[in-house]
Amino acid sequence: MPYARRGLLKAPSPLPGFGLSFGIMLTMLSLIVLLPIGTLLLRGADMGLAEVWRIVNTERVWAALGLSFRAALLAALFNLVFGLALAWVLVRYEFPGKRLIDAAVDLPFALPTAVAGIALTALYAPNGAFGSVLLDAFGVKVAYTQLGIWIALVFVGLPFVVRTVQPVIEEIDREVEEASATLGASRARTFGHVILPMLTPALLTGFALSLARSVGEYGSVIFIAGNIPMKTEIAPLLIVIRLEEFDYNGAIAIALAMLSISFCMLLAINLIQIWSRRRMGAA
Amino acid sequence: MTPAPLSVSVPARPFRPATTEPVWLRRSLIVAVLAMLSVLVLAPLVTVFAHALRDGLAMAVASLGNRDAQSAIRLTLTIAAISVPLNAAFGIAAAWAITKFDWRGKAFLITLIDLPFSVSPVVAGLCFVLLFGANSAIGAWLVASGHPIIFAVPGIVLATMFITFPFVARELIPVMTEQGRAEEEAALTLGASGWRTFLTVTLPNIRWALLYGVLLCNARAMGEFGAVAVVSGKIRGQTATMPIMIEMLYNEYLSVAAFSMAALLALLALVTLTLKSALEWRHADQLAAARRH
């Protein structure tokens, strides 16, 4: 086999087209993804760690980073609980219009973020349908506050937990639940001790996807956020502002800070996931 | 089947299988979930159309008829027409290389393909500005030669491709892994050429999964905002896509115009969802088992 000699293939294959398909894949991956991200990293390395830190270590940047990650975490947590409930209801219960609801779960994914952004703003603005009620009845202001940012992030992150947990619930062997019930466990105990551990890896995956999406979200947030520095200014917006000021180093530093914090968070979630899989395997 | 009761007295409590929740809990969960979903998801959708049609359908349609709006719609369609087929080609090539051959570093490469999912669209846009912007070596040369990438259509295409990069590959890889290599090997043994094997054996097997991936890719490509906002320069009539146009109109307090454009994109989202659901119902067996994004 011609390609076996190259040492890339582990075993020769009778199928053709390895060179062609591998070539297309690697070329496009390099041009579209690796080269641009590499440029960002290189420019960061050029600036040096001290300079990046000097730019990041300002009150306004910390406020933006803190807000982005805090709001994304809280939104992903909400989606974790609500997504599990939604997935459970969609798999286990029968009710009219179920298929329609199932399809509607993906709407935040299909609806462009700018559209979601102006729609949520119109709804939750002080004169909007929900905003006016919330303001009059409870005195709660949603649009142009951090609460508004949270709602937008809940919206964009909604499908992820549902779609990762749903197939796992579908595959749960009912006999396991029956066994648990026969052994005298209450339904709540069966859920907490038998079902939930089985869903944990999928829940974590969904949580991580939702978090990753929410942290970097821009389109749906900037309309509802109000964008007041130090209060409702998210990190991606600060990057855009720096770019508009032609302060490339400022934009690069914030982007690198975002990438490193996301990387650490996703790594942590991955480690928890490996730990929970191992615990399940051992049990 | 429950066995027919003989002469046993009927139990006072209605029978409930041990593997489900009490009726009250089931009902309240359904109601709670539906209420949340209506507030979170359906209300924004209704709002888009309500605001677009506030001054009547004629006004909404008229606002889409002006030159800038027309140009934005054309640009968005052009961007999707370029970036979606290219990403589909990448997805097929990547899935073929990954699922039909065993090679070193495969897992790492799959991680790299997924990378765009965890990068903020704004950061993606920034990367392209740094690479091709006027203050970079390549960018300065591109501008001088009269073919700028940033603040021009090629930049929007690149940014869109970055954001939608994993969609088709993510859908095809699990499906083609499941299908294995036996059918292709049989075709080759029977004397078919490589291309013929791909066109007559592989492609029919993956067509629904491919369509599914293309559908998702297209929806995201037409709606991408953050990355495009950074690289496009937002030049009205030239580099303003539909989502960018929505932002500009909204910031100018042209509410009906902004929401009319938004309604057009919302209609696209509804069509996407309908087709996607139809595919899931009719060809579930030929799609990836886990319907993840």
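Student: How many residue pairs are in polar contact between chain A and chain B?

Tutor: First, the idea: a polar contact is a pair of N or O atoms within 3.5 Å; within protein, one must be able to donate a hydrogen and the other to accept it, and residues adjacent in sequence count only if both atoms are side-chain atoms. Between chain A and chain B the count is 8 residue pairs, both at pLDDT 80 or more. Keep in mind that this is a predicted model, where local features need pLDDT of at least 70, side-chain atom pairs count only at pLDDT 80 or more, and totals for chains, interfaces and linings use all residues. Residues are numbered from 1 along each chain as its sequence is written, chains are lettered from A and ligands numbered from 1 in the order in which they are written, and side-chain values use heavy atoms, with hydrogens and water left out.

Student: Which helix gives the largest share of the side of chain A that touches chain B?

Tutor: Helices (H or I, at least four residues) and strands (E, at least two) are DSSP runs, numbered from the N terminus. Here the largest share is 18 residues from helix H1 (residues 18-47) of chain A. By class, that side of chain A has 70 nonpolar, 12 polar and 13 charged residues. For the classes, Ala, Val, Leu, Ile, Met, Phe, Trp, Tyr, Cys and Pro count as nonpolar, Asp, Glu, Lys and Arg as charged, and the others, Gly among them, as polar.

Student: And how many salt bridges does the rule find across the interface of chain A and chain B?

Tutor: You look for a side-chain nitrogen of Lys or Arg within 4 Å of a carboxyl oxygen of Asp or Glu. The rule finds 2 across this interface, and one of them joins B:Lys276 to A:Asp106 at 2.4 Å, N to O.

Student: What area is buried between chain A and chain B?

Tutor: Buried area is the accessible area (1.4 Å probe) that two parts lose on being put together, summed over both. Chain A and chain B bury about 8,300 Å², and carbon and sulfur atoms give 80% of that. Counting contacts (heavy atoms within 4.5 Å), 95 residues of chain A and 91 residues of chain B take part.

Student: Into which domains is chain B divided?

Tutor: Domain bounds come from an automatic or database domain assignment. For chain B, that gives domain 1 (22-52) and domain 2 (56-292). Their contact takes 5 residues from domain 1 of chain B and 11 residues from domain 2 of chain B.

Student: Now single residues. Is A:Thr190 buried or exposed?

Tutor: Buried means under 20% relative accessible area, exposed over 50%, partly exposed in between (1.4 Å probe, protein chains only). A:Thr190 has a relative accessible area of 2%, so this residue is buried. A:Thr190 sits in helix H10 (residues 187-216) of chain A. Leaving aside neighbours within four places in sequence, its contacts include A:Glu177 and A:Ile195.

Student: Why does B:Asp114 count as buried?

Tutor: Because its relative accessibility is 19%. B:Asp114 lies in helix H4 (residues 106-114) of chain B and touches B:Pro166 and B:Arg170, not counting residues up to four places away in sequence.

Student: What is the phi of B:Phe151?

Tutor: B:Phe151 has a positive phi of about 65 degrees although it is not a glycine. B:Phe151 is in the loop between helix H6 (137-144) and helix H7 (153-164) of chain B.
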